[in-house]
Amino acid sequence: MALVVMCGQPCSGKSEAAACLAAALRSSLTDITVRVIDESSLHLGRNDSYKDMVVEKNLRGVLRSQVDRSVSRDSIIIVDSLNNIKGYRYELWCLARASGIRYCVFFCDTEVDHCREWNIKRQEKGEPSYDSNIFEDLVSRFERPDRRSRWDSPLFELAPSREENVESSPVIAEAVSYLTKKVDSKTRDVKVLQPRIATQSVRTTEANSLYEMDKATQEVVSAIVEVQSSGLGLAMNKISLGPNLPTISFTVSGNIFYSKPYYFKRYK
């Protein structure tokens, strides 16, 4: 149904905003699944995930794969992470477009000094926080969302440091209205992304199915012939096609092999 990309500096109040948004959506849509995907849900620590560029890139790949598996027209997915790189937000936008669902960015616009202060308080309390050097590095590389870019639009901006109660913020209500509003031919203020030909799954034709079936059959026959030719005349009734594939059991009657067609399971 929708993909919501949280965005903001480290310790800017994204997780609290994501939790409030998820709660508001669940109360508005009882028949729709609302899921928050973040580092903690994948058992990933903050400092370990951002200690260098390699692990940070791996983190983005893991989050993107999880989003790709989760997005559907029957659920709302909230990505609660930094999402601080515009190129990465574009990749998430492409996933939403390929699924034909709504998309929006929820930006927690918190001053860096407030983020730094909140991070220090979390360190003192022993709560999840960032090391000082990692925090400063992430702050310096943050790419602010721009509503003129299609992957940053529509853009909902929340200022947690100036909000007395984030849960009752008008921005939360505005985002919920956008994500839950029914769409028809007259709707103009809600945009549902439409997949393009290049992003749509190609339906397998009957000719292709026959070709794949014939190819699979030839692979199995070749494997049987190869094993029999190297069997040195010994009786063999089982053949392995490789790792993670079932073993083929067969009996021999004259020159005819009778085998169980396990290979059909692989190519259906």
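How much space lies in the largest pocket? In this predicted model, the largest pocket holds about 280 Å³. Its lining comprises 20 residues. Nearest the centre of the largest pocket lie Ser15, Glu39, Arg46, Asp80 and Tyr130. Helix 1 supplies the largest share of this lining, with three residues. By class, the lining of the largest pocket divides into seven nonpolar, six polar and seven charged residues.

The second largest pocket has a volume of about 170 Å³. It is lined by Gly13, Glu16, Trp118, Lys121, Arg122, Lys125, Glu127, Pro160 and Val166. Here the largest share of the lining, four residues, comes from helix 5, which spans residues 112–125.

Two packed helices are described by the angle between their axes and the distance between the axes. Helix 1 (residues 14–28) packs on helix 7 (residues 170–180) at an angle of about 50°. The axes of helix 1 and helix 7 lie 10 Å apart. The two helices are therefore oblique to each other. The crossing of helix 1 with helix 7 is right-handed. On the helix 1 side, the contact is made by Ala17, Cys20, Leu21, Ala24, Leu25 and Ser28. Helix 7 contributes Ile172, Ala175, Val176, Leu179 and Thr180. Nine residues of this contact are nonpolar and two are polar.

Notes:
Residues are numbered from 1 along each chain as its sequence is written. This is a predicted model: local features need pLDDT of at least 70, side-chain atom pairs count only at pLDDT 80 or more; totals for chains, interfaces and linings use all residues. Side-chain values use heavy atoms; hydrogens and water are left out. Axes are lines fitted to C-alpha atoms, for helices over the stretch in contact, and angles run from 0 to 180 degrees between N-to-C directions. Angles under 35 degrees count as roughly parallel, over 145 as roughly antiparallel, 65 to 115 as roughly perpendicular and the rest as oblique. A crossing is left-handed if the near helix is turned anticlockwise from the far one by less than a right angle, and right-handed if clockwise. Contact means heavy atoms within 4.5 Å. Ala, Val, Leu, Ile, Met, Phe, Trp, Tyr, Cys and Pro count as nonpolar, Asp, Glu, Lys and Arg as charged, and the others, Gly among them, as polar. On a 1 Å grid over the protein atoms alone, a cavity is a set of points where a 1.4 Å probe fits but cannot get out, and a pocket is an open set with protein on both sides within 12 Å along at least five of seven lines; lining residues have an atom within 4 Å of a point. Grid points are joined across faces, edges and corners, and a volume is the space filled by probe spheres set on the points.
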